[in-house]
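Thanks for coming. I will go through one structure, starting with its cavities and then turning to a strand and some rings.

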Amino acid sequence: MITMATPPRLIAWELTAGCNLSCVHCRGASTFEIPQGELTTDEAKHFIDEIVEMGNPILIISGGEPLVRKDMFEIAQYGTDKGLRVVMATNGTLVTPEVAKKMKEVGIQRVSISLDGANAKSHDDFRGEPGAFDGALRGIDYIKKAGIGFQVNTTITKRNIDEIPKILEFATELGAEALHIFLLVPTGRGKEIEADEIPPVEYERVLNWFYDQQKTSKIQLKATCAPHYFRIMRQRAKKEGIEISVKTHGYEAMTKGCLGGTGFCFISSIGEVFPCGYLPVLAGSIKEQSFKDIWDNAKVFNDIRDTSKLKGKCGDCGYKEVCGGCRARAYAATGDYMAEEPYCIYTPPKVKE
C-alpha cells in the first residue's frame, strides 16, 4: 500500500555533531571536533521557517550534544516563537542550574537524558567517560528544579539487558515522565559493537516484557527502533480479548512501528536529510533544495511509504502496515533498505505454507 506524503509529525535535528562524550554506540560517531559545514544560525532559522510552512511537528533538538553549540538557545527560542513544540535530547552532563533555567525560558517542553545503566559503572562504561552517570543525574536534578519534564532514554544491548527492570524502576523513582527504550542499530560507532546487539529471541522477549510493564507502569513506556512491538502488541491483545484503542493502549494505538520517511525524518548538522539517524541513505540536502521538495519527492521516502515494495517475509506479513520492520537494520545487513527485517523471528502464515 502506498502512503501519500503527509507533513512529518516528528523531526530529529542533529544541531551539531560535536559532543563532550565518546559513547560506544553513537550513531554519528560524534567527537569533540565540530564538523565543517554545519548549518549557520541563519540557515537553521530558515529551516525552521520551512518546517512551519509544512505543518507543526515536534522538533527534537539533538546531537552530538546540542549544548556544545553556542546558538542552541537562540535557535530553540526561534522554534518556540514559530509555534513548534521544541524538545531536546542531551546527555545531561553539561546541564547547570543556569542552563536548565535557560532551557525553560526558551520554551523547551521536554528533555530526554540517556541512562544506559542503573549504576555508574555500567553507564560510564557505555558512555566512555568516568563521571557521566553522576553528571546525568545532576542534570536531571537541575532540569526538574527548573520545572521541565524529562524522559529517560536507554539503548538496550547485551551489556545492560539484565539491568532494564532496574532502569525502569530507577527512572520511575527519579520522577521521569517516560522511559523510551532503543534497540541498538549497528551504524556509526555502534557498528563497532555489533556483537553487543541482543539476539532476535531476546529482542522478542524484551518487547513482550515491555508490553507487560505497560499495564502497571506509573510512567509512559515507548519502544523505539523496535517496530516488532506493534505486532506483538496486537498479538497479545488478541489473545487477551482486548480491542486496541487509545483508551487501552494510549498513543501506541494511533501510530505504527517505524515512522521513518512517513511521519519522521532526521536532519544532520550539515543539512542532510535521512529517513532516520540510523539509515544512511541520503534523501537530499536542505542547503540545495527545499525541505518540502525532499519530503514529498525523495526516492527513499517514497519507497518506504510503499509497503508493496517490502521484500522477503516483510512483504508477505499481515502486520506490515503497523510494523514495517526496521529499514535501517535491513540496510545494515543487506545493503537494501526494503529487504526483510533481519531481527524478526515471526514467520507470516503465507510464508509457512
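A term before the numbers: on a 1 Å grid over the protein atoms alone, a cavity is a set of points where a 1.4 Å probe fits but cannot get out, and its lining residues have an atom within 4 Å of a point. Grid points are joined across faces, edges and corners, and a volume is the space filled by probe spheres set on the points.

The model is predicted, with local features needing pLDDT of at least 70 and side-chain atom pairs pLDDT 80 or more, while totals for chains, interfaces and linings use all residues. Numbering runs from 1 along each chain as its sequence is written, and side-chain values use heavy atoms, without hydrogens or water.

There are four cavities of 30 Å³ or more.

Now strand β8, residues 264-267. Strands here are DSSP E runs of at least two residues, helices are H or I runs of at least four, and both are numbered from the N terminus. F264 and F266 on one side of β8, and C265 and I267 on the other, are all buried, meaning under 20% relative accessible area with a 1.4 Å probe, protein chains only. Two strands pair if DSSP finds at least two bridges between them. β8 pairs with β1, residues 10-14, in the parallel sense over four bridges, and W13 is bridged to I267. β9, residues 272-274, runs antiparallel to β8, with two bridges, and there I267 has V273 as its partner.

W13 also belongs to an aromatic cluster, together with F47, F291, W295 and F301. Rings of Phe, Tyr and Trp (its six-membered ring) pair if their centres lie within 6.5 Å; planes under 30 degrees apart are stacked, over 60 edge-to-face and the rest tilted. The count is 11 aromatic pairs. The ring centres of F47 and F291 are 5.4 Å apart and the planes stand at 85°, so this pair is edge-to-face. F47 is in helix α1 (41-54) and F291 in helix α10 (291-297), so the pair ties together parts 244 residues apart in sequence. Both residues, F47 and F291, are buried.

That is the tour; I will take questions.

Definitions and conventions. Buried < 20%, exposed > 50% of the residue type's maximum accessible area, 1.4 Å probe, protein only. 1 Å grid on protein atoms, 1.4 Å probe; cavity = no way out; pocket = protein on both sides within 12 Å on 5 of 7 lines; lining within 4 Å.
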